[in-house]
Amino acid sequence: MDKVNLSKEKIDYTIDLLITMTVEDICEETGKDSKDVLKEFLLSKTGKALYDKDTRIWCNGPAYIAEMYMEELANKTS
């Protein structure tokens with residue numbers, strides 16, 4: 001994928017929207033409260049990587065990001 005020149009504000013908005021959608025997906029899958037999921041997600045490696053614009057994880061959809069997060073959790077308990 002070619003790099004797209006987006007403003008910092010647009011990228012930040014996109015990331016915030018992705019986090020909201022990702023947290024909703026995770027809540028549906030796990031049955032956990034959204035406040036708890038949001039807090040845990042933001043502290044996770046996946047959540048931190050999402051804010052690192054160089055990883056370009058923000059270019060993916062919420063289902064992909066939720067799956068990354070769930071794999072991270074599964075690897076922690078393994």
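Which residue takes a positive phi just after H1? The residue is Gly31, whose phi is about 75°. The structure is a predicted model, in which local features need pLDDT of at least 70 and side-chain atom pairs count only at pLDDT 80 or more, while totals for chains, interfaces and linings use all residues. Residues are numbered from 1 along each chain as its sequence is written, and side-chain values use heavy atoms, with hydrogens and water left out.

Helix H1 covers residues 8–30, where helices are DSSP runs of H or I with at least four residues, numbered from the N terminus. The 23 residues of H1 should span 33 Å at 1.5 Å a residue, and this agrees with the 32 Å between its end C-alpha atoms; the expected span is 1.5 Å times one less than the number of residues.

Lys8, which lies in H1, counts as exposed because its relative accessibility is 51%, and Tyr13, also found in H1, counts as exposed at 56%. Exposed means over 50% relative accessible area, buried under 20%, and partly exposed in between, with a 1.4 Å probe and protein chains only. The C-alpha atoms of Lys8 and Ile57 are separated by 15 Å, although the two residues are 49 apart along the chain.

The buried residues of H1 are Ile11, Ile15, Leu18, Ile19, Thr22, Val23, Ile26 and Cys27. These buried residues pack against helix H2 (34–43), helix H3 (45–51) and helix H4 (62–77), contact being defined as heavy atoms within 4.5 Å.

Conventions: Helices (H or I, at least four residues) and strands (E, at least two) are DSSP runs, numbered from the N terminus.
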